[in-house]
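Okay, thanks for coming, everyone. Let's have a look at today's model together.

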Amino acid sequence: MRTFVSAVTTVVVLFTFSMFASAQTAAPKKNVQQHVDGYGRPVPDPVSTETPGPPPVHDLSGNWEPDGWREGVQAQGARDFPSDSKHILPFTPEGEKAFKEHKTGFGVNAVPIGENNDPFDICDPPGFPRVELFNLRQLRIYETPKQMSILYENDQVWRNIWTDGRELPTDIAEARWYGYSVGKWVDDTTLVVETTGLDPRTWIDNAGRPHSDQLKVEETFHRLNHDIIELTLTINDPVMYTKPWVALNKFRLRLQPDWFDIREMICSASEAQGYNTVYHSGQAASPSK
Amino acid sequence: MRNMIKTSVLGVAFLVACVPLFAHHGNAVYTNKPITMKGTVTQWIWTNPHTFLKFDSKDDKGNVQHWIGEWNAPSTLVNFGFTPKTFKPGDEVTVTLGGMAKDGTLVGRVRSVELADGTVMTEDEKFGKAPDSH
């Protein structure tokens with residue numbers, strides 16, 4: 001009997017100790033990780049076992065988001081042509097010169113903070129195509145019989161694409177941050193958009209790729225199925241580049257629920273100034289012992 | 001100073017995981033040497049292009065050091081449960097920086113913050129390897 005009691009006591013003690021030890025070594029609580037919309041509502045992950053429905057005809061409307069966490073950020077430059085030693089753009093001499101004058105936060109032209117001359121850092125409009133080549137997050141597409149509008153989360157801007165059959169203007173007296181765009185359906189599910197008249201003060205991407213007022217951008221929006229658009233974006237600027245180059249190649253956008261609220265993400269001049277002020281207010285560390 | 005800072009033995013892991021987390025002004029300004037320290041929050045700045053966590057931490061001489069931790073944009077952090085009220089002045093925290101400013105100023109890139117109740121505020125690999133972000 002004593003042996004039995006002793007054994008039970010030992011087990012209880014060991015169990016209690018193990019519980020205590022477990023409590024002492026429990027993993028820290030993690031914060032909540034959940035993709036949410038602007039109202040904080042959880043956004044469900046795509047169900048991989050479900051087959052997407054067929055694409056509707058001549059319809060890109062809806063709430064869209066890059067298919068993959070932060071795939072659209074593109075801090076190092078255009079996703080399919082980032083600024084590094086492996087991706088050498090076909091610069092003209094003028095393009096090479098203009099590129100070197102752009103002092104960036106990322107890519108081969110990255111400089112210390114104080115030397116940056118990125119126009120978006122002082123809240124100039126990102127412009128087109130940078131709005132699709134940097135911080136491309138949520139976007140919303142509206143269509144009418146004559147035009148399509150795209151609203152972007154980044155800087156809360158929009159641009160207009162005419163689909164009423166008109167041609168691009170040939171004599172543009174006034175360049176625009178977001179240019180002049182016309183789109184044509186080449187089949188039931190593919191819209192090709194041409195854009196020109198773009199303000200050369202903007203950069204093509206976050207890596208400071210330059211453009212002239214001769215830039216022409218082609219976007220191909222291919223509705224692969226009900227849930228996915230593939231976006232291909234090609235840069236053609238004979239002043240800066242000897243040949244066209246592809247900045248986005250079948251970049252996937254995924255349809256989001258119709259209740260999805262797009263967050264504000266606005267470049268505020270006062271916040272940008274505050275950011276720089278805080279950053280530069282860092283104090284020197286005390287000397288080591 | 002060096003004694004005050006607890007250099008993480010997970011440095012190699014961080015070098016893999018900490019592809020540059022901040023983009024607006026470039027990551028070239030930060031080292032890739034993770035450091036962890038205890039501190040007290042003085043301000044949580046919820047702003048674009050990036051957020052800031054300001055906190056005080058004592059060095060090995062007992063002197064209060066005023067640190068500035070730069071973190072991701074609100075549009076990214078909201079997906080990890082962050083809000084403008086996640087931190088408040090006076091909160092006791094343990095901060096891990098992915099690196100600090102190369103110029104020696106007390107500015108760093110935040111990797112994670114452990115609150116007094118043990119909750120760790122960080123970004124999770126659920127969303128995949130974090131690309132250069134904003």
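So, which residue in S3(A) is the bridge partner of A:Leu139? It's A:Tyr152. Before I go on, some housekeeping: this is a predicted model, where local features need pLDDT of at least 70 and side-chain atom pairs count only at pLDDT 80 or more, while totals for chains, interfaces and linings use all residues. Residues are numbered from 1 along each chain as its sequence is written, and chains are lettered from A and ligands numbered from 1 in the order in which they are written.

Strands here are DSSP runs (E, at least two residues), numbered from the N terminus, and helices are runs of H or I, at least four residues. Two strands pair if DSSP finds at least two bridges between them.

Back to chain A. S2 covers residues 139-143, and five bridges join S2(A) to S3(A), residues 147-152, in an antiparallel run. With three residues between them, these two strands form a hairpin. A:Arg140 has A:Leu151 as its bridge partner in S3(A), and A:Arg140 is also the partner in S2(A) of A:Asn63. That brings in S1(A), residues 62-66, which pairs with S2(A) in the antiparallel sense over three bridges.

Now zoom out: S1 to S9 of chain A make a closed barrel of nine strands, with mixed pairing.

And chain B? That one has two helices and seven strands, in the order β-α-β-β-β-α-β-β-β along the sequence. Of its 134 residues, 49% are buried, meaning 20 or more other C-beta atoms, placed from the backbone, lie within 10 Å of the residue's own.

Terms used
A residue is buried if 20 or more other C-beta atoms lie within 10 Å of its own, exposed if 12 or fewer, and partly exposed in between; C-beta atoms are placed from the backbone.
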